[in-house]
Amino acid sequence: MKTIGLLGGMSWESTALYYQQINKMVHHKLGKLHSAKVIINSLDFEEIAALQAKGLWQEAGAYLAEQAQNLEKAGADCILVCTNTMHKVAAQIEESIMVPFIHIADATAKEIVSQDIRRVALLGTAFTMEQDFYKTRLQDYGIDVVIPNEVDRKIVHRIIYEELCLGVINPESRQKYMAIVERLIADGAEGIILGCTEICMLIGELKFSVPLFDTTTIHAKEAVNFSLNENKISNSANLHISTATVGNRV
């Protein structure tokens, strides 16, 4: 069993879900008293959020890269960043480490493609929904990505930062998210990406007419597969499928 390195705390609520889910998956596969080998480096999200708000992504990337190196030095055999938004600086992190970096968007794209879905709606922070770093990664797999309208994007973003990151589950907010999802389905979305690792806390258990892709669970599963040698990831490039490859396959 290989050791999983989690760069977490962004927020700690979702990092706790990662730890719980990874251990449950390992126990399910191995039984007995087995649990996962995990090293967690949990950061102060207030510091990261301040850099986000100021647009200081280079500085945030340098800091996360340093913290990922600390995980590697501690013995991690792979690195996961337990947040969708901070994958904006994934390249800085990847370049700083020698062990595989398991990208959340790649893992999610593979799951979407496996279900023969090509048009999905993306929920997440405003950074994730409105900027290209995440959508482009999905589009490289031949996936068409749509996002909520401006009013709905503001609602989704506010609830993440003001409620979910603080562990607050508000029934009224759940209803708002459900209405947003239904509007996206009506606009032709064949699936919904819960593209913030806290969103599953609010609507992850609900059923809609299209699949929900819970990035927290998908990312955790990819880490477990790597840890137990159930996939063949040797570096981050193995997770990324080029547009040409997708075109040849379909």
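Visitor: Where does the charged end of Lys-2 sit?
Guide: The charged end of Lys-2 is over the ring of Phe-226, 4.7 Å from the ring's centre. A charge counts as over a ring if NZ of Lys or CZ of Arg is within 6 Å of the ring centre and within 35 degrees of the ring normal.

Visitor: And what should I know about the model?
Guide: It is a predicted model, in which local features need pLDDT of at least 70 and side-chain atom pairs count only at pLDDT 80 or more, while totals for chains, interfaces and linings use all residues. Numbering runs from 1 along each chain as its sequence is written, and side-chain values use heavy atoms, with hydrogens and water left out.

Visitor: Which ring face does Lys-88 lie over?
Guide: That of Trp-57, with 5.3 Å to the ring centre.

Visitor: How many aromatic pairs are there?
Guide: Three. Rings of Phe, Tyr and Trp (its six-membered ring) pair if their centres lie within 6.5 Å; planes under 30 degrees apart are stacked, over 60 edge-to-face, and the rest tilted. Trp-57 and Phe-127 are edge-to-face, because their planes are at 80 degrees, with ring centres 5.2 Å apart. Trp-57 belongs to helix H3 (residues 57-74) and Phe-127 to helix H6 (residues 126-130), so this pair ties together parts 70 residues apart in sequence. Helices (H or I, at least four residues) and strands (E, at least two) are DSSP runs, numbered from the N terminus.

Visitor: Is Trp-57 buried or exposed?
Guide: Trp-57 is buried, at 12% relative accessibility. Buried means under 20% relative accessible area, exposed over 50%, and partly exposed in between (1.4 Å probe, protein chains only). Phe-127 is buried too, at 17%.

Visitor: What about Phe-133 and Tyr-134?
Guide: They form an edge-to-face pair, 6.4 Å centre to centre with 90 degrees between the planes. Both Phe-133 and Tyr-134 are buried.

Visitor: Changing topic: what is the strand order in the open sheet?
Guide: S5-S4-S6-S7, four strands with parallel pairing. Strands pair if DSSP finds at least two bridges between them. Strand S5 (144-146) and strand S7 (212-214) are the edges, each pairing on one side only.

Visitor: How many bridges join S4 to S5?
Guide: Three, with strand S4 (residues 119-123) running parallel to S5. Ala-121 stands opposite Val-146 in S5.

Visitor: Last one: where is Gly-167?
Guide: Gly-167 is in the loop between helix H8 (150-162) and helix H9 (171-186). Gly-167 counts as partly exposed because its relative accessibility is 31%. Its C-alpha atom is 9.1 Å from that of Ser-14, 153 residues away along the chain.
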